[in-house]
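I opened this notebook to record what I looked up in one model.

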Amino acid sequence: MSDYPPFQHGKSRFDQGTFLGRFRHFLDVIDPSTLFTTEKRLRESVELLDHFKQGTLPPGVTDAQLWQAQKIKQAIIHPDTGEKILMPFRMSGFIPFGTPVVVGLLLPNQTMMSTVFWQWLNQSHNACVNYSNRNASKPAPVSKFVQGYLGAVTSAVSIAVGLNVFLQKARRFSPATRLLVQRFIPFPAVASANVCNVVLMRHSELSEGISVLDDDGKVVGTSKVAARHALFETALTRVVLPMPILVLPPMIMATLEKLPLLQRRRGLVLPVHSLVCLAAFGLALPLAISLFPQMSQISVNQLEPEIAMATDCQIVTYNKGL
């Protein structure tokens with residue numbers, strides 16, 4: 001099969017019905033090379049896609065050029081608002097901008113203040129990413145963003161500090177065991193805060209509903225049921241996401257730090273730790289967001305009666321968000 005099948009506007013060039021297809025699709029979505037796209041290149045990509053929709057493509061344009069143009073547009077432009085997403089909050093910027101925070105979360109021998117700082121910084125970044133990549137088919141007030149941000153930060157810091165206090169009082173742990181357990185503390189704090197972050201940041205979708213589309217991409221109605229599905233799927237990916245990032249590096253570093261090289265040259269520990277975190281992040285992000293397609297489908301029989309009455313389609317589509 002060709003790497004570039006015939007171009008379909010708004011569709012993925014990979015099969016979204018399979019995990020492998022979604023994984024390959026999201027490798028495109030998180031490709032950090034799109035962060036270096038110039039304004040001129042973005043404008044050319046948008047114009048090329050407009051020409052395709054209008055049937056006025058210049059001669060000689062290939063499917064590869066069209067797929068690349070769509071990749072650039074989808075990486076930078078929000079599908080609902082049509083506005084540019086700020087670079088640190090794009091999915092393609094999640095790994096480059098998030099890795100230093102992950103390294104900070106996993107530093108050994110954290111003080112109470114450093115624990116609070118890194119949890120705050122992590123949830124601040126997550127809140128902005130969640131808000132920037134939300135389903136924006138319905139407007140949401142800025143107060144929802146503030147509410148989600150405060151809720152996520154409070155839950156993350158409270159859980160992390162609580163576990164640290166518990167660890168300090170657990171006298172039966174040996175120093176080595178205490179250090180290992182301390183390295184795993186960020187996971188439950190981050191996982192629970194991520195769910196809180198998603199739910200609070202996107203709570204307006206539950207009360208207002210989100211748009212559902214027919215086979216032609218036309219809005220057939222607004223559904224609160226689809227919104228619940230969208231939030232559940234997104235929240236699940238946010239629980240899976242930190243597993244490899246916050247569980248694998250402590251296990252790997254516990255082994256690597258016993259190597260003679262790192263025993264002799266302690267200055268290498270932080271660079272090696274950073275590389276391990278970067279590799280874990282690069283693996284975890286596409287695996288987690290590939291659990292569900294971004295444009296998810298649902299049977300009209302599961303939705304509100306008015307949706308079923310408004311269309312002849314048996315299956316409708318909604319933007320799950322990322």
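The entries below begin with the source of the model and then turn to its overall build.

**Basis.** I note that this is a predicted model, in which local features need pLDDT of at least 70, side-chain atom pairs count only at pLDDT 80 or more, and totals for chains, interfaces and linings use all residues. Residues are numbered from 1 along each chain as its sequence is written, and side-chain values use heavy atoms, with hydrogens and water left out.

**Overall build.** I found 14 helices and 4 strands in the protein; helices (H or I, at least four residues) and strands (E, at least two) are DSSP runs numbered from the N terminus. I compared the radius of gyration, taken over C-alpha atoms, with the globule rule of 2.2 Å times the number of residues to the power 0.38. For 322 residues a compact globule would have a value near 20 Å, and the 22 Å of the protein agrees with this. The C-alpha atoms fill a box of roughly 70 × 45 × 35 Å along the principal axes.

**Burial and contacts.** I counted as buried any residue under 20% relative accessible area, with a 1.4 Å probe and protein chains only; 46% of the 322 residues qualify. Contact means heavy atoms within 4.5 Å. Among contacts with a separation of 6 or more, 72% join residues 24 or more positions apart.

**Strand pairs.** I took two strands as paired if DSSP finds at least two bridges between them. Strand β1 (residues 210–213) and strand β2 (residues 219–223) run antiparallel and are joined by 4 bridges. S211 stands opposite T222 in β2. The hairpin of β1 and β2 has 5 residues between the strands, and G217 there takes a positive phi near 80 degrees.

I then turned to the other pair. Strand β3 (residues 295–299) pairs with β4 in the antiparallel sense over 5 bridges, and I298 stands opposite V316 in β4. Strand β4 (residues 315–319) is mostly covered, with 4 of its 5 residues buried.

**N130.** Which residues does N130 contact, leaving aside its neighbours within four places in sequence? I first located N130 in helix α5 (residues 112–132). N130 counts as buried because its relative accessibility is 6%. Beyond those neighbours, N130 is in contact with N197, V198, M201 and R238. For N130 and N197 I noted a separation of 67 residues in sequence and 7.8 Å in space, C-alpha to C-alpha.

Technical notes
Buried < 20%, exposed > 50% of the residue type's maximum accessible area, 1.4 Å probe, protein only.
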